[in-house]
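Have the viewer open as you read.

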Amino acid sequence: MALRVCGRLLRGGAVNPGRLVGAARQERAACLLPAGAAACSRGGRHGCIFTPACFITSEAFLSGLMKGKAAETDGSVYHLPASVPPDSSEQVSLLLRHPDQPPDSKVLKVAIIGAPNAGKSTLSNQLLGRKVFAVSKKVHTTRRRALGVLTETDTQIILLDTPGLTTPSKVKRHQLEKSLLVDPWNTVKEADLMVVMVDVSDKWMCSGLDIEVLKCLSQHPHVPAILVLNKVDLVKAKDRLLDITDQLTCGVVNGRRVRVRPVIKPPWAQKKPESTNELSPDEDTAAPEHGAKPTSALSKEKPKELRRQQGWPRFKDVFMLSSVDREDVETLKSYFLAAAKPGSWQYHSEVLTDQSPEEVCTNIIREKLLEYLPQEVPYSMTQSIELWQDGENGELDISVKLYAKKETHMRMVIGTAGQMVARIAQEAGEDLSRVYLRNVRLKLSAKLKK
């Protein structure tokens, strides 16, 4: 096995997690390496300063990935990402157009799942190059499954952005849509690859995979899955990522045991024999035999037994990245392009999403409401589009009415002298202008829902 770190293929040596800490500005991420893999130093001759979006994978896949990257660099031309037509009929017509695929077309359906607020929609937006999915720091920003289409040369990647996996009791308690329960599970059924995202800046998420995520993985063991540790830029002690990865993968990636041999330990670490962290070539590196059931396998376990599990031992690859970092996202995109299989495109190359322009608009507005309004206020608000028409100078005029359940909520939305609602309208309008590629004049008003 080998490790690819942003275009570098690493072999030999052992990882020194002690050097992962204190690399100042150049410190970006840490990697969990299989036995025999090496660390790479960048920006200095000593230590292990890793570039972002490191991942564990097989050499066979790496060779194909490197060939693809070499082809991209030979006279490649940058293409602007697709946009969303501001007219609904035009969007419907575009979705119904016959795919303009080349003879050797390839396709990959990617379902992105995880606990609420793991960064799934942020990653999808970054991969697409435009903001078509709502993003906020509050949970349950994504309320139903949405589709994004990334088309490059002969390959089409279909991104299936899903709501955070949750439980029926939470949906009932917070009066959320039933789509939060149904959509993630249905989406995985049609996927070629499952991306499990974990927010490593949340200490509760690092101790083990969410029980709903484990249920989803165990019920679809035939769908290849990769683990993406997101928000690594917010983790100060980068060497913690090694332990987190080991915990969430049960120490197994792509059918092989992976461990870290500590070369330099922090002074507070307990002294252990070095041999306890080394691999036994006869035991640990061997994949489970066909039909054999690993002790940590979760395929058909009962829910009570699933709760005792902390990780999933069948991840094909592991990424450590920040979804807001372009370099990290490009690495993951290259992985998807290399993993695509020969097949027919489902959409025309100009399609960006299956959402209507009105859905994109209301989702962006809801994002701003979630960002600026406290607690339960944004979840109880509804929207109604009152006006959607072309202006005299080619701009798009949109008027949306916001309905609040309580008068106190309505006052919060309006703000002092209307400053809050004006700010939300301005920021949402700017985001929509970048999606529709037109100047958008958005007007918001608030009304008490009777």
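## Helix H13 and what covers it

Keep in mind that this is a predicted model. Helix H13 takes in residues 419-436, so to speak 18 residues in all. From first C-alpha to last it reaches 26 Å, close to the 26 Å expected at 1.5 Å a residue.

Just past the end of H13, Leu437 has a positive phi of about 60°.

## H3 against H10

How do the axes of helix H3 and helix H10 cross? Helix H3 (residues 120-128) and helix H10 (residues 326-339) have axes that come within 10 Å and cross at roughly 80°, which means H3 is roughly perpendicular to H10.

On the H3 side, the contact uses Leu123, Gln126 and Leu127; on the H10 side, Arg326, Val329, Leu332, Lys333 and Phe336. Sorted by class, that contact comes to five nonpolar, one polar and two charged residues.

## Thr122

Thr122 also belongs to helix H3. Is Thr122 buried or exposed? Its relative accessible area is 18%, and the cut-off for buried is under 20%, so Thr122 counts as buried. Setting aside neighbours within four places in sequence, Thr122 is in contact with Val135, Ser323 and Val324.

Notes. Residues numbered from 1 in each chain as written. Predicted model: local features only at pLDDT ≥ 70, side-chain atom pairs only at ≥ 80, totals over all residues. Heavy atoms only, no water. Helix = DSSP H or I, 4+ residues; strand = E, 2+ residues; numbered from the N terminus. Expected span 1.5 Å × (residues − 1). Axes fitted to C-alpha atoms, helices over the stretch in contact; angles between N-to-C directions. Parallel < 35°, antiparallel > 145°, perpendicular 65-115°, else oblique. Contact = heavy atoms within 4.5 Å. Nonpolar A, V, L, I, M, F, W, Y, C, P; charged D, E, K, R; others polar. Buried < 20%, exposed > 50% of the residue type's maximum accessible area, 1.4 Å probe, protein only.
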